[in-house]
2 protein chains.
Amino acid sequence: MKKAGTDYVLKRGVAEIIVEEELRQLLASGRPLRLKQGFDPSRPDIHLGHVVGLRKLRQLQEMGHQVILIVGDWTAQIGDPSGESVTRPMLSHDEVRRNAETYMQQFFKVVDRGRTQVRWQSEWFGKFSLSDVIRLTSKFTVAQFLAREDFRKRYDAGRPVAITELLYPLLQAYDSLEIEADVEFGGIDQKFNCLVGRELQGMMGQRPQQVFLMPLLVGTDGSQKMSKSLDNYIGVDEPPYDMYGKVMSIKGDGLIIPYFELLTDIPDHELREMKEQIESQSVNPMLVKKRLAREIVAQFHGIEEAKGAEERFAREIQSGTVPDLVPEFRPVKAIRAVADPSTGAVLVSGSGLLVEAGLASSGGEARRLIAQRAVDVDDQTMTGDEWQVKSGTIIKVGKRKYARIVLPSA
Amino acid sequence: MKKAGTDYVLKRGVAEIIVEEELRQLLASGRPLRLKQGFDPSRPDIHLGHVVGLRKLRQLQEMGHQVILIVGDWTAQIGDPSGESVTRPMLSHDEVRRNAETYMQQFFKVVDRGRTQVRWQSEWFGKFSLSDVIRLTSKFTVAQFLAREDFRKRYDAGRPVAITELLYPLLQAYDSLEIEADVEFGGIDQKFNCLVGRELQGMMGQRPQQVFLMPLLVGTDGSQKMSKSLDNYIGVDEPPYDMYGKVMSIKGDGLIIPYFELLTDIPDHELREMKEQIESQSVNPMLVKKRLAREIVAQFHGIEEAKGAEERFAREIQSGTVPDLVPEFRPVKAIRAVADPSTGAVLVSGSGLLVEAGLASSGGEARRLIAQRAVDVDDQTMTGDEWQVKSGTIIKVGKRKYARIVLPSA
């Protein structure tokens, strides 16, 4: 990653900075700044959604600043609003240490280890007394905290908000005080918590931290925030070919440019050109997506691995070779008769099968696809509607849609 | 205090018992019960409002039960909702000890020292960790606590409720768990806090405590809950004559019977008779009030002191002798001229002086009082409106209203 200018760091792919003018002054002062980044050791896996912020940390490190990574071994016990179950079993010291190692091994793929200091919450919360809790909780009101959007929504809907959950932002804020953070980094959904830190530091006579908020990366499903639990994520630890394939599988073309913006250093003017080309259909979006996949794989695995992944993808997926993983499908309604009891082969309605398998949205579309010679059954292009299939038969529609037939008994 | 029956203890002057049937079973079991009573060491003075509950403790001690007195040296730091300023400076260990001694010296005027165990919150909260706080706060929701009437009112009115204040009921509840309370005692305004204790014990596998709630005694102003800060209180440490005088000064006659009910053992049937007599005007309420004052003084100072106070009151107040303490008054508007520069005597408008001193509500009333020969100046009944007064002159209106003139220079 090359050293970037202040404007680029503060503008490219940033959701909000509080307060940008103050941050510019701090950056101009020449003093190395203390950049706070927290992590939840109960969730040690880093995906591209996290990488958006980690790249900013790296850019600022290149400018001479220092990252303070906070291992949230205490806040992990509470869990930032998960809604229903609000406390989680305390992780053992060993589990935390193991998860922290897993995390850092990924973290330092993006962030410079040499300019990172690791601090554990237990350094200060391990000896936190009830007096400390009383002092901390006395500085904020219930109304201030219920103003936080997710608390407010749950409270108004009559869903429980445990008193403990109000402690979460307070503990996170106390971290900032303890490490004298100059800037805290987080997703835009962390805005409230980061602002509490800012306020607490001011109350305690520290210079209030600046808050650097990143946009939330949409996951491969094309609709929701990337997250492991939604299974729409691309992990930084995934092998080159899986990573390449997952980028290629992102739904729709609308995310291509945002991914370039948030996850690569391709200059803004090039992004504008690409965007225009896609919109005016003067380029095949597939080609642009392949460049994105290559860029991302190269960041984590190097350029050679990226090329290898691209070649394999072209060979297996684009040329029609059946990929390793094809979704299985158990037909029911489309079956017309048993064709061969010894092999278990059955006669089916081809258009009915495509609809039942989700490969076509209607019988009309299915018949059109067949008429366009877009449907292969075990590499044989189908033209009629009466097909013979058995367990293991591969149905292919267009270039990328597959299903593998599974029948009850073979 | 004589040993009282269960029905008397559970019915006479009680606001609410939760759950009465369970408490009756516990009392019938023969096991000595652990009766929890807390006190705030930042407020060590006991007045008759507190005595209502302490008398119940004493009655139950006479039945063989044990009082556990909790010195609230930790909750005192938070302060149960004071509204605006929510945390108070931590009392020093010496201050707490001194205040606890002051409190107990009064407490044991009513409660049996031999059947009382004293516990300090610092025994358990001194070593309370952040983990303990997290566990405790995870068991209750913000909504449950905002349902408490005073929190709700302040929250709805946009007035601050500090997060710390939610801790207060939790700490009080934890006390019940720690001492394995069978019954907690409090004013009816403590209902919410006591119920949290009940709930917490149940969650932690203890038998939930019973809750014994006392009515709030109205103070000498006849309208508000007795409290030191409203200066409408009668302290248990006050000398016999002051105590007697304060009872006699209670505004209106409507409180005579409630005071008898909550603060004496005069049987219910006698109270009913007294009430009828007062209502039918077949007795002078002043006589009934004197009996009340005598009964109360006798409880704290013995029957001889009570008689002495009554005699002095009759002599000084009822017969017209000037009492020891007469409010001072500095006339300004009523002064017409200097009468004698050597003594500093001045000529005043008598009716103007009465109004200015607050002894009459208007000039008309002042003139009526003078015409009725109800006004004495230094024991001389006044008839006209031009009076000569000097520093030290005593003005008396009717039997009980006095003012002592103070002039700038004598």
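A:Arg294 counts as partly exposed, at 28% relative accessibility. I start with this residue since it has a partner worth looking at. The model on the screen is a predicted one, and what I say applies to that prediction.

The partner is A:Glu310. Its side chain meets that of A:Arg294 in a salt bridge, 3.1 Å from N to O. A:Glu310 lies in helix H16 of chain A, residues 303-318, and A:Arg294 lies in helix H15, residues 285-301, so the pair ties together parts that are 16 residues apart in sequence. Is A:Glu310 buried or exposed? At 15% relative accessibility, A:Glu310 counts as buried, because the cut-off for that word is under 20%. A:Arg294, at 28%, is over that cut-off and therefore counts as partly exposed.

Next, a pair inside one helix. A:Glu62 forms a salt bridge with A:Arg58, and the closest N and O atoms are 2.5 Å apart. Both residues belong to helix H3 of chain A, residues 48-62, where they sit four residues apart, about one turn of the helix. A:Glu62 has 23% relative accessibility and counts as partly exposed. A:Arg58, at 22%, also counts as partly exposed.

Now chain B. B:Glu165 and B:Arg154 form a salt bridge with their closest N and O atoms 2.7 Å apart. Here B:Glu165 comes from helix H10 of chain B, residues 163-179, and B:Arg154 from helix H9, residues 149-156, so this pair ties together parts that are 11 residues apart in sequence. Both of these residues are buried. Back in chain A, salt bridges with shared partners join A:Asp7, A:Lys11, A:Glu20 and A:Arg24 into one network. Over all chains, the structure holds 48 salt bridges.

With that total in mind, how many salt bridges cross the interface of chain A and chain B? The rule finds zero there. What the interface does have is 10 residue pairs in polar contact, both residues being at pLDDT 80 or more. On the side of chain A that touches chain B, at least two residues each come from helix H4 (75-78), helix H7 (130-137), helix H8 (142-146), helix H9 (149-156) and helix H10 (163-179) of chain A. H10(A) gives the largest share of that side, six residues. Sorted by class, that side of chain A has 22 nonpolar, eight polar and one charged residues.

As for extent, the contact takes 31 residues from chain A and 31 residues from chain B. The two chains bury about 2,600 Å² between them, and 76% of this is on carbon and sulfur atoms.

Helix H7 of chain B, residues 130-137, has six of its eight residues buried, so it is largely enclosed by the rest of the structure. Which residues of H7(B) are buried? They are B:Leu130, B:Ser131, B:Val133, B:Ile134, B:Leu136 and B:Thr137. The cover over these buried residues includes parts of both chains: H4, helix H6 (122-125), H7 and H10 of chain A, together with H10 and helix H11 (191-203) of chain B.

Now chain A as a whole. Chain A contains 18 helices and 14 strands. Its C-alpha atoms fill a box of roughly 80 × 50 × 40 Å along the principal axes. Of the 410 residues in chain A, 50% are buried. Among contacts in chain A with a separation of 6 or more, 69% are between residues 24 or more positions apart.

A:Ser351 is placed in helix H17 of chain A, residues 350-356. At 7% relative accessibility, A:Ser351 counts as buried. Setting aside neighbours within four places in sequence, A:Ser351 is in contact with A:Gly363, A:Ala366, A:Arg367, A:Ile370 and A:Asp385.

Last, confidence. Chain A has a mean pLDDT of 88, and 94% of its residues reach 70 or more. Over residues 82-86 of chain A, however, the pLDDT is below 50, and this stretch has 12 contacts in the model beyond near neighbours in sequence. Where pLDDT is low, the predicted coordinates should not be read in detail. For the model, the scores are ipTM 0.72 and pTM 0.74.

Key:
Residues are numbered from 1 along each chain as its sequence is written. Chains are lettered from A and ligands numbered from 1 in the order in which they are written. Side-chain values use heavy atoms; hydrogens and water are left out. Contact means heavy atoms within 4.5 Å. Buried area is the accessible area (1.4 Å probe) that two parts lose on being put together, summed over both. A salt bridge is a side-chain nitrogen of Lys or Arg within 4 Å of a carboxyl oxygen of Asp or Glu. A polar contact is a pair of N or O atoms within 3.5 Å; within protein, one must be able to donate a hydrogen and the other to accept it, and residues adjacent in sequence count only if both atoms are side-chain atoms. Ala, Val, Leu, Ile, Met, Phe, Trp, Tyr, Cys and Pro count as nonpolar, Asp, Glu, Lys and Arg as charged, and the others, Gly among them, as polar. pLDDT is the predictor's confidence in each residue, from 0 to 100. Buried means under 20% relative accessible area, exposed over 50%, partly exposed in between (1.4 Å probe, protein chains only).
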